[in-house]
Amino acid sequence: MISWWSDSGYSSDSMILSYELARAITRRPLCPAQSEPRRGLRLKLYSAMGTTAPDQSNALELYHFDRSSAARKVRIALAEKGLEWQSHILNTSVVSREHHQADYLKLNPRGVVPTLIHAGKAIPESQVILEYLEDAFPEPPLRPVDPYGRSQMRLWTKLADEGMHVQSRTLAICIYMRDLNAEAGPEAVKAYYEAMPEEGRRRNDLTNIEHGLASPLLSEAVAYFKKIFHDIDAALADSSWLAGATFSLADISMGVYVTRLDGLGMAPLWGDLGRLIDWHQRFESRPSYAAGVEDWGDHSSAQRDRYAARAFPVIKTLWEAA
Ligand SMILES: N[C@@H](CCC(=O)N[C@@H](CS)C(=O)NCC(=O)O)C(=O)O
């Protein structure tokens with residue numbers, strides 16, 4: 001039996017203590033779609049699983065959570081393309097665990113958000129969803145037109161699945177989520193981890209929850225981001241966007257993680273990376289960022305800021321040592 005069950009908790013990128021608290025710490029007003037009552041999950045999943053559902057249209061639906069980095073990517077792409085879609089918020093808190101429902105797991109066996117539903121079919125995994133949207137809705141394009149440009153774009157986008165998402169989760173848990181989620185209580189946290197489908201995710205989380213800012217996984221996560229942020233800065237010496245002259249999936253896939261670390265109070269770490277800062281400001285200035293990120297909730301809060309301030313000296317030391 002390890003001690004964290006009794007004295008600490010866990011929260012993923014998207015897991016806030018309670019939906020009420022998540023709402024309370026939101027600085028921006030909610031968009032209308034977010035405040036709509038959620039429809040019954042069973043009916044929507046019935047449709048999504050390709051059975052004889054009443055709705056066989058080309059409608060787009062997204063199961064997501066407001067502060068999820070993976071969901072942000074998809075919402076930004078949807079906005080870039082001007083697509084209409086229906087929102088289904090899944091409350092992924094340790095208490096509610098709506099993403100662990102059996103019906104949802106049929107759509108997304110890893111039990112994570114987001115999942116896109118298009119024409120009654122489910123597509124999980126944010127990077128796969130981005131490519132799917134490109135194939136299904138090519139205009140306006142979010143992939144460079146030339147094959148070499150596309151190869152460059154994919155060298156960036158593959159990073160998200162190779163490690164960036166996992167490393168950002170490590171940072172978030174160690175910096176504040178373990179403490180935030182402790183209020184859910186040990187039984188809720190225990191039940192959450194028993195239901196989590198992915199063993200590797202569970203193992204990493206438990207290590208980070210047990211050790212917090214002293215986690216053996218933290219230095220690697222910090223070094224990982226330091227390298228990628230420097231790579232981004234260097235790449236921007238040659239072009240205004242990561243994969244060339246036009247905004248692409250590479251910018252979306254990398255940009256949300258800069259936003260994530262910025263929201264964890266870490267921006268002073270990359271104050272010397274002028275090109276990255278300028279690029280990220282241009283990313284945040286796009287209407288799609290407002291529609292895909294800001295309208296779904298602010299990434300910071302007074303409570304989070306306090307945890308971030310506590311963590312900053314530790315993270316700074318690791319960044320400088322990397
Ligand atoms: N590789 C997945 C990662 C998705 C993911 O980790 N989503 C997080 C939110 S950013 C989640 O569902 N967390 C809830 C949990 O792990 O319980 C993707 O890109 O879609």
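In this predicted model, Y63 has H88 as its bridge partner in strand β2. The pairing belongs to a parallel arrangement in which strand β1, residues 60-64, is joined to strand β2, residues 86-89, by four bridges. Together with helix α5, which covers residues 69-80, β1 and β2 form a β-α-β unit that is right-handed.

The largest nonpolar core comprises 67 residues, and V74, A77 and I175 are those with the most contacts inside it. Helix α8, spanning residues 147-181, is the element that gives the most to this core, contributing 13 residues. Because domain 1 (13-136) and domain 2 (147-321) both supply residues to the core, it lies between them. In general, nonpolar side chains of soluble globular proteins tend to be buried together.

| Residue | Contacts |
|---|---|
| I175 | L264, Y307, A308 and A311 |
| T157 | Q127, L249, A250 and S253 |

T157 is placed in helix α8. Is T157 buried or exposed? T157 counts as buried, because 26 C-beta neighbours lie inside 10 Å, whereas the cut-off for a buried residue is 20 or more. The C-alpha atom of T157 is separated by 9.8 Å from that of L130, although the two residues are 27 residues apart along the chain.

Note on methods:
Residues are numbered from 1 along each chain as its sequence is written. This is a predicted model: local features need pLDDT of at least 70, side-chain atom pairs count only at pLDDT 80 or more; totals for chains, interfaces and linings use all residues. Two strands pair if DSSP finds at least two bridges between them. Helices (H or I, at least four residues) and strands (E, at least two) are DSSP runs, numbered from the N terminus. A crossover is right-handed if, with the strands pointing away from the viewer, the path from the first strand over the helix to the second runs clockwise. A nonpolar core is a set of buried Ala, Val, Leu, Ile, Met, Phe, Trp, Tyr and Cys residues joined through C-beta atoms within 7 Å. A residue is buried if 20 or more other C-beta atoms lie within 10 Å of its own, exposed if 12 or fewer, and partly exposed in between; C-beta atoms are placed from the backbone. Domain bounds come from an automatic or database domain assignment. Two residues are in contact if their C-beta atoms, placed from the backbone, lie within 7 Å. Lists of a residue's contacts leave out its neighbours within four places in sequence.
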